[in-house]
Amino acid sequence: MQSEKNSFFERYGPWALIAGASEGIGKSFAEQLAARGLNLILLSRNVEALTALAHDLQTRYRTEVQCHAVDLTGDDLESRIDKVIENIDLGLMIYNAGGSSMVADLFLDCPLSDLRRTVRLNCHGPLILAHKIGQHLRQRGHGGIMLISALSAFGGTAYVANYCATKSYELVLAQGLWAELRGYGVDVVGVAVGATITPAAVRAGMGFATQQNTQDSNPLVQAMTSDAVASEALAALSKGPLFIPGEHNRMGVEQLQQIPLETAIEYRSAGTASQLGKQWPVL
Ligand SMILES: NC(=O)c1ccc[n+]([C@@H]2O[C@H](COP(=O)([O-])OP(=O)(O)OC[C@H]3O[C@@H](n4cnc5c(N)ncnc54)[C@H](OP(=O)(O)O)[C@@H]3O)[C@@H](O)[C@H]2O)c1
């Protein structure tokens, strides 16, 4: 166990940056990386939540933690990131933020400004962080990049059409980077996360089936905990280009890939509509 911890630190330490770290899966990554001895740079908009987390991790794991209030959809993202990573020997970047950007309605009924914000968070943000931090990792000759995507990336779905398309960008970008960077000793993985109990998902009113909650939920949607997602994803860091946490999610993707495209889109759309309490079919 200690030797596993040491080799993880040597490969991905001494510093890791988590974009979207104040709660949910990002917070679980922070906890699990601190437990492996890595120093952390945590980004999100809510700096109070980050500061409380940093204090807790520093106390329990004796690691260094820096917090930065950064809006990953901001026009100034590039210059903010330059300042944040200046003089830091980063070994790992996890781009996690993205869930709360989901605008759940018919594409044409969503305000264009909201759809554009989703593109900025799930495409523009990963583009900038992967480009800037990727250069540092390639030069030092080891490290990792993890882009947190979603099962939604595997196909178009009514009511979340734009969100699905942006999540595909992350998975496809990760695959190309995996091919380009593995020769330099840099691991890249795109992680397609399925339903996960996070504060953002709960706030969005997603009805999940869990062991504690079988009523008022969609029994078809089995949710994982954010700790389980983070732990499986970290174990798969060197096994890119694609990883799907949860055996039930891996089986679900396999099954959907074996049926005609139209049927798969219908199936996903009907499930999403039911989860969101929307009408299906649309007309
Ligand atoms: N939960 C699920 O069921 C589920 C399913 C499939 C995929 N995923 C994926 O898993 C990842 C994490 O999802 P999540 O449910 O934990 O929700 P999330 O809304 O992505 O929140 C995660 C973190 O991102 C930060 N964040 C959100 N928008 C930001 C912005 N504009 N700038 C900076 N930080 C921002 C949040 O903090 P602040 O609000 O303080 O900024 C929070 O710390 C996402 O990529 C999501 O697409 C989740």
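Mentor: Ile94 stands opposite Met146 in strand E5, and this contact belongs to the parallel pairing of strand E4 (residues 90–95) with E5, which runs over four bridges, where two strands pair if DSSP finds at least two bridges between them. Helices (H or I, at least four residues) and strands (E, at least two) are DSSP runs, numbered from the N terminus. From E4 the chain crosses through helix H5 (residues 112–140) to E5 in a right-handed β-α-β crossover, meaning that, with the strands pointing away from the viewer, the path from the first strand over the helix to the second runs clockwise.

This is a predicted model, in which local features need pLDDT of at least 70 and side-chain atom pairs count only at pLDDT 80 or more, whereas totals for chains, interfaces and linings use all residues. Residues are numbered from 1 along each chain as its sequence is written.

Met146 also stands opposite Val189 in strand E6, and E5 pairs with E6 (residues 186–193) in the parallel sense over eight bridges. Together with helix H6 (residues 161–181), E5 and E6 make a right-handed β-α-β unit.

In a regular strand the side chains alternate between the two faces of the sheet. In E5, Gly143, Ile145, Leu147 and Ser149 point one way, Gly144, Met146, Ile148 and Ala150 point the other way, and all are buried, that is, 20 or more other C-beta atoms, placed from the backbone, lie within 10 Å of each one's own. Because eight of the eight residues of E5 are buried, the strand is largely enclosed by the rest of the structure.

Definitions and conventions. A residue is buried if 20 or more other C-beta atoms lie within 10 Å of its own, exposed if 12 or fewer, and partly exposed in between; C-beta atoms are placed from the backbone.
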